[in-house]
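Visitor: I would like to learn how to read a few features of a protein model. Please take them one at a time.

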Amino acid sequence: MGITSKRRLRVGGVGLAAAALLLSACAESDRSDESEGGGGTFVFAGAAEPELLDPAFASDGETFRVARQMFEGLVGTEPGTPDPAPLLATEWENSEDGLEYTFTLRDDVKFHDGTDFNAAAVCANFDRWYNFPEAVQSDDFAYYYAKLFRGFANGPTKGEGIYETCEATADHEAKIVLNEPFAGFIAALSLPALAMQSPEALEKYQDDAAANVNTTEYSTAHPTGTGPFVFESWDRGNRVTLKRNDDYWGDMAKVDTVNVVAIADPAARATAVENGDVDGADLIGPADLKPLEDAGMQVMARDPFTVLYLGMNQKNKLLSDVRVRQAIAHAIDKDAVAKASLPEGSEIATQFMPQSVVGWNDSVTEYEYDPAKAKQLLADAGAAGATIEFNYPTDVSRPYMPSPADTFNVLRSQLEAVGLKIKPVADVWSPDYLDKINGTSDHGLHLLGWTGDYNDSDNFVGVFFGTETPEWGFKNKELFDKLTEARGMATVEEQTPLYEEINADVMDFLPGVPLAHPAPSLAFGPDVEGYQQSPVNDEPWNTVSVG
């Protein structure tokens with residue numbers, strides 16, 4: 001059905017890699033080292049405003065970008081990697097059965113309101129999440145806790161979750177007990193949604209049972225963590241302003257102030273960097289990278305921790321035939337897709353996770369670009385000349401999909417070249433496109449993707465294929481059961497062979513075509529130093545200076 005390749009394919013990346021080295025030269029790898037405070041203001045442009053400032057109720061990258069400046073978790077990541085590393089916990093031990101985790105905590109940390117970070121605060125946070133009111137036990141609010149822990153103390157999922165208890169076994173030692181193994185538990189704790197928040201500030205300003213937790217006093221004006229910056233103000237529609245935390249336990253920030261602004265259009269973000277209106281910006285479009293470099297700006301690619309794919313809804317009769325899905329896969333020239341619509345540094349995909357994720361398999365079935373074979377498969381399936389609906393989004397730029405219209409146009413021409421008739425269907429990203437693709441069977445081919453949250457196989461293939469969903473439109477009990485089994489294993493070492501097998505199964509079943517692992521691009525003015533890119537966007541700005 002295809003050829004096997006053990007090469008890691010990469011598109012470009014030389015100029016960006018050099019810039020990344022320049023930018024990160026001043027970054028410190030150890031947050032505990034003392035550093036001098038600096039001065040000035042760092043202005044950064046994202047694609048949108050944060051949704052709110054309480055990360056426990058967030059699932060969007062722009063909220064998490066701001067949250068990572070103010071909040072920290074027990075676990076962070078090694079700088080420049082997706083791998084877990086100590087943060088507020090200096091070390092941890094877990095039982096052989098994978099059910100008990102004992103964390104040794106830093107003893108020199110205070111929340112921004114001056115209260116102590118200790119084991120009692122850790123347990124207060126875990127118990128808060130577990131006891132969220134039923135009104136917020138949804139993807140709109142407690143998305144990550146619900147997905148990771150699978151249940152709450154009350155409500156429809158009562159008794160189904162994997163969290164059991166948290167015990168403060170000493171002032172700075174906390175024991176978390178699960179009732180089912182979850183090998184990804186430590187890596188998942190690096191998520192901003194599971195960051196530590198001041199129990200006293202939550203008690204004073206937050207109302208988890210509010211009709212809209214996005215608008216509570218805590219979520220808009222009193223977010224209180226332990227991070228290198230403290231909240232100053234949120235001028236809706238304009239900017240979020242943060243100030244340096246002069247009592248920070250780690251490396252004190254080099255700048256006095258951070259302003260985070262929203263610029264929706266990628267080209268406008270690039271222009272803002274070039275004009276000096278902002279010091280840095282994320283999600284720069286591929287077409288803007290070289291002009292920025294030519295203008296003396298710095299550009300940087302994050303290491304790819306994403307996947308862009310062409311989904312195939314098997315509720316569509318045509319796409320339920322594996323020969324048609326194979327034909328579509330053979331019709332696609334992934335290198336041409338990457339060169340036309342993705343930034344330098346993007347990797348060609350062979351499966352639905354990047355190579356840096358444990359469980360990636362170098363022996364999956366691959367579908368080489370072979371238009372003649374695609375035509376033959378379509379003929380064998382009685383689908384030569386068939387019309388197929390192709391859904392793609394407008395008015396959006398995502399880390400895994402910086403230019404969806406450009407990607408669509410390349411794929412459309414390749415599919416039409418093997419005789420398929422493509423019916424384009426374009427919808428505004430939110431809510432129309434996402435609601436249609438994720439919530440209905442009213443779609444055929446579609447463009448979508450994922451940015452990994454942390455280094456765990458389940459965070460990729462489990463998200464896509466762990467259960468029957470309207471996006472993919474298939475039932476595959478054997479695959480669903482394997483993913484459930486893998487997630488419930490006690491250690492990553494136990495999981496790895498099964499995830500490798502799952503990746504091979506997925507590529508034989510071929511529910512979609514993984515196209516690439518795009519490298520999201522950042523841009524900075526010439527006087528910015530010390531920005532440390534992270535493939536999972538874990539980028540606290542205390543290392544950044546502006547000359």
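Visitor: In which helix does Lys436 lie?

Guide: This is a predicted model. Lys436 lies in helix 14, which covers residues 429-439.

Visitor: Is Lys436 buried or exposed?

Guide: Buried means under 20% relative accessible area. Lys436 has 17%, so Lys436 is buried.

Visitor: Which residues is Lys436 in contact with, leaving aside neighbours within four places in sequence?

Guide: Asn391, Val425, Asp427, Asp442 and His443 are in contact with Lys436.

Visitor: How are two packed helices described?

Guide: By the angle between their axes and the distance between the axes. Here, the axes of helix 16 (residues 477-487) and helix 17 (residues 492-509) come within 10 Å and cross at roughly 160°. Helix 16 and helix 17 are therefore roughly antiparallel to each other, and helix 16 passes helix 17 in a left-handed crossing.

Visitor: Which residues of helix 16 and helix 17 meet?

Guide: Helix 16 brings Leu479, Lys482, Leu483, Glu485, Ala486 and Arg487. From helix 17 come Gln495, Leu498, Tyr499, Glu501, Ile502, Asp505 and Val506. By class, this contact has seven nonpolar, five charged and one polar residues.

Visitor: How many disulfides does the structure hold?

Guide: One. The disulfide joins Cys123 to Cys166, with S to S at 2.1 Å. Cys123 is in helix 3 (residues 119-130) and Cys166 in strand 6 (residues 163-170), so the pair ties together parts that are 43 residues apart in sequence.

Visitor: Why is the disulfide of Cys123 and Cys166 called left-handed?

Guide: Because the torsion about its S-S bond is about -70°.

Visitor: Are Cys123 and Cys166 buried or exposed?

Guide: Cys123 counts as buried at 7% relative accessibility, and Cys166 is buried at 14%.

Notes:
Residues numbered from 1 in each chain as written. Predicted model: local features only at pLDDT ≥ 70, side-chain atom pairs only at ≥ 80, totals over all residues. Heavy atoms only, no water. Helix = DSSP H or I, 4+ residues; strand = E, 2+ residues; numbered from the N terminus. Buried < 20%, exposed > 50% of the residue type's maximum accessible area, 1.4 Å probe, protein only. Contact = heavy atoms within 4.5 Å. Axes fitted to C-alpha atoms, helices over the stretch in contact; angles between N-to-C directions. Parallel < 35°, antiparallel > 145°, perpendicular 65-115°, else oblique. Left-handed = near helix turned anticlockwise from the far one by under 90°. Nonpolar A, V, L, I, M, F, W, Y, C, P; charged D, E, K, R; others polar. Disulfide = S-S within 2.5 Å.
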